[in-house]
Amino acid sequence: MVLKTLGAKAAAALDQELMSTCAFSIDQLMELAGLSVSQAVFRVHPLSKGRRVLVRLAKQLEDLDVPFVQDFPSALSSTDHVVDAIFGFSFSGEVRDPFPAVIQALQETKLPVTSVDAPSSWDIENGPPSSGVGSSFMPTALVSLTAPKPLIKHFRGRHFVGGRFVSPSIAKKYDFEVPAYEGIDQVVEVDTAGQKL
């Protein structure tokens, strides 16, 4: 299987179609995305490697009475794994405050980092910035939701696709293949050429 990618416009259109034609709510899609990410994180970082995972989900943290950190670099010193989901696939342009310090910390940490759809600061089409913040950021793993994005050609870590909820007819319409998910898995690990591992 050759890995076909979805650019930002096609990914946004696919999300809209999933919510209209397939009748998924935005909440359902976010829950499925979260489940995919959690399964990928567990494969990269099983509980035996540490239970502390740093994620920036302010509203969910507040609702669950989980502490929210203000000092990201300090929080890195008390965690075992980081989920990078700062920006979505529609990110473009310059990284603005307070995010340059966070991305710099992600770039410099020795902790495993799993990015969702795109490593923060990366352009969805063109990959990492040529210079400045994020230019040498290479997370441990990347979870491509629904389908990989064009930036995958620049990525050199473990790559997962999470999109079991995409029907074959929708995938055909957007010209990509749904990988073969096993059992109840919501992610499939593939290499950057699209071969299942």
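**Close-up views of a predicted model: linings and salt bridges**

**View 1. Lining of the second largest cavity.** By class, 6 nonpolar and 2 charged residues, with no polar ones, make up the lining of the second largest cavity, where Ala, Val, Leu, Ile, Met, Phe, Trp, Tyr, Cys and Pro count as nonpolar, Asp, Glu, Lys and Arg as charged, and the others, Gly among them, as polar. The model is predicted, so that local features need pLDDT of at least 70 and side-chain atom pairs count only at pLDDT 80 or more, while totals for chains, interfaces and linings use all residues. Residues are numbered from 1 along each chain as its sequence is written, and side-chain values use heavy atoms, with hydrogens and water left out. The residues lining this cavity are Leu 54, Arg 56, Phe 72, Val 82, Val 83, Asp 84, Ile 86 and Leu 106, and strand β2 (residues 81-84) gives the most to the lining, with 3 residues; strands (E, at least two residues) and helices (H or I, at least four) are DSSP runs, numbered from the N terminus. On a 1 Å grid over the protein atoms alone, a cavity is a set of points where a 1.4 Å probe fits but cannot get out, a pocket is an open set with protein on both sides within 12 Å along at least five of seven lines, and lining residues have an atom within 4 Å of a point. The volume of this cavity is about 30 Å³, a volume being the space filled by probe spheres set on the points, which are joined across faces, edges and corners.

**View 2. Lining of the second largest pocket.** The second largest pocket, with a volume of about 290 Å³, is lined by 13 residues, among which Val 53, Leu 54, Val 66, Pro 67 and Val 69 lie nearest its centre. Its lining divides into 9 nonpolar, 2 polar and 2 charged residues.

**View 3. Salt bridge between Asp 185 and Arg 43.** The closest N and O atoms of this salt bridge are 2.6 Å apart, a salt bridge being a side-chain nitrogen of Lys or Arg within 4 Å of a carboxyl oxygen of Asp or Glu. Asp 185 lies in the loop between α6 (168-173) and β6 (188-190) and Arg 43 in helix α2 (residues 26-44), so the pair ties together parts that are 142 residues apart in sequence.

**View 4. Salt bridge between Lys 149 and Asp 117.** The side chains of Lys 149 and Asp 117 meet at 2.8 Å, N to O, and both residues are buried, that is, under 20% relative accessible area, with exposed meaning over 50% and partly exposed in between (1.4 Å probe, protein chains only).
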